[in-house]
Amino acid sequence: MKRIAITLIMLFVSVISMSAQEWLYDIDEAKALATKEDKKIVLLFTGSDWCPPCIKLEKNVLSKEVFKDYAKEHFVMLKADFPKRKKNRLPQEQIEKNFKLAERYNRKKVFPVLLVLNKEGNVLGASGYRKYSAERYIELLTNISNF
């Protein structure tokens, strides 16, 4: 009985981890993986706990299985989050990394913004929040990445 329970738990954990969004939080790591896998990078600037369009983008697009599956196969996903609530405060090292990313890629501090980068970190195109389905965002990001 114990073996069955352990097996079921392991199966459940593996299914959950397979469907989880694979976000990276370091640009150098993202560029190395993009080079290794010959993929473009999608960089998301978000205010996950205060920005209504950011929250909608996460809920209506980024968390959808169709988007997560496509992104996992075609992009390296990089996130720069700027939460405001104390309970969501990031480690100081991550805060510094996010501000460095913003200095280079988001000086106007637009939220949310999705940037498509090549593996060297050069911007190919950008999009903000739009009332698009996950499928439409896939099309949009794919079109940008094909430039």
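A residue counts as buried when its relative accessible area is under 20%. Ala-34 is buried by this cut-off, because its relative accessible area is 0%. The model described here is predicted. Ala-34 is found in helix 2, and the account returns to that helix below.

The protein chain has six helices and five strands. From the N terminus on, these elements run α-β-α-β-α-α-β-α-β-β-α. The chain holds 147 residues, and buried residues make up 39% of them. Among contacts in the protein chain with a separation of 6 or more, 69% join residues 24 or more positions apart.

The mean pLDDT of the chain is 90, and 86% of the residues reach 70 or more. Residues 2-19 have a pLDDT below 50. Beyond near neighbours in sequence, this stretch has four contacts in the model. Where pLDDT is low, the predicted coordinates should not be read in detail.

Helix 2 spans residues 27-37, and its buried residues are Ile-27, Ala-30 and Ala-34. These residues lie on the same side of helix 2, because they cover an arc of only 60° around the axis. Asp-28 and Lys-36 are exposed on the other side of helix 2.

At the start of helix 2, Asp-26 places a side-chain oxygen within 3.0 Å of the backbone nitrogen of Asp-28. Just after helix 2, Asp-38 has a positive phi of about 50°.

Leaving out residues up to four places away in sequence, Ala-34 touches Lys-39, Ile-41, Val-76 and Lys-119. Ala-34 and Val-76 are 42 residues apart in sequence. Their C-alpha atoms are 6.0 Å apart in space.

Helix 3 covers residues 52-62, with Cys-54, Leu-57, Val-61 and Leu-62 as its buried residues. Seen down the axis of helix 3, these residues fall within an arc of 70°, so they line one face of the helix. Pro-52 and Lys-59 are exposed on the other side of helix 3. The cover over the buried residues of helix 3 includes strand 1, strand 2 and strand 4. It also includes helix 4 (65-74) and helix 6 (134-145).

Cys-54 of helix 3 also takes part in a disulfide with Cys-51. A search of the whole structure finds one disulfide. The sulfur atoms of Cys-51 and Cys-54 are 2.4 Å apart. The torsion about their S-S bond is about 75°, so the disulfide is right-handed. Both cysteines are buried, because the relative accessible area is 3% for Cys-51 and 4% for Cys-54.

In one of them, Phe-82 and Phe-111 have ring centres 5.5 Å apart and planes at 70°, so the pair is edge-to-face. Phe-82 lies in the loop between strand 3 and helix 5, and Phe-111 in the loop between helix 5 and strand 4. The pair therefore ties together parts that are 29 residues apart in sequence. Phe-82 is buried, with a relative accessible area of 13%. Phe-82 and Phe-111 belong to one aromatic cluster with Phe-45, Trp-50 and Phe-99.

Phe-45 of this cluster is also in contact with Asn-106. Asn-106 is placed in the loop between helix 5 and strand 4. Asn-106 counts as buried, because its relative accessibility is 6%. Leaving aside neighbours within four places in sequence, the contacts of Asn-106 are Phe-45, Leu-101 and Val-113.

Notes:
Residues numbered from 1 in each chain as written. Predicted model: local features only at pLDDT ≥ 70, side-chain atom pairs only at ≥ 80, totals over all residues. Heavy atoms only, no water. Buried < 20%, exposed > 50% of the residue type's maximum accessible area, 1.4 Å probe, protein only. Helix = DSSP H or I, 4+ residues; strand = E, 2+ residues; numbered from the N terminus. Arc of directions from axis to C-beta. Polar contact = N/O pair within 3.5 Å; in protein donor to acceptor, adjacent residues only side chain to side chain. pLDDT = per-residue confidence, 0-100. Contact = heavy atoms within 4.5 Å. Disulfide = S-S within 2.5 Å. Phe/Tyr/Trp six-rings, centres within 6.5 Å; stacked < 30°, edge-to-face > 60°.
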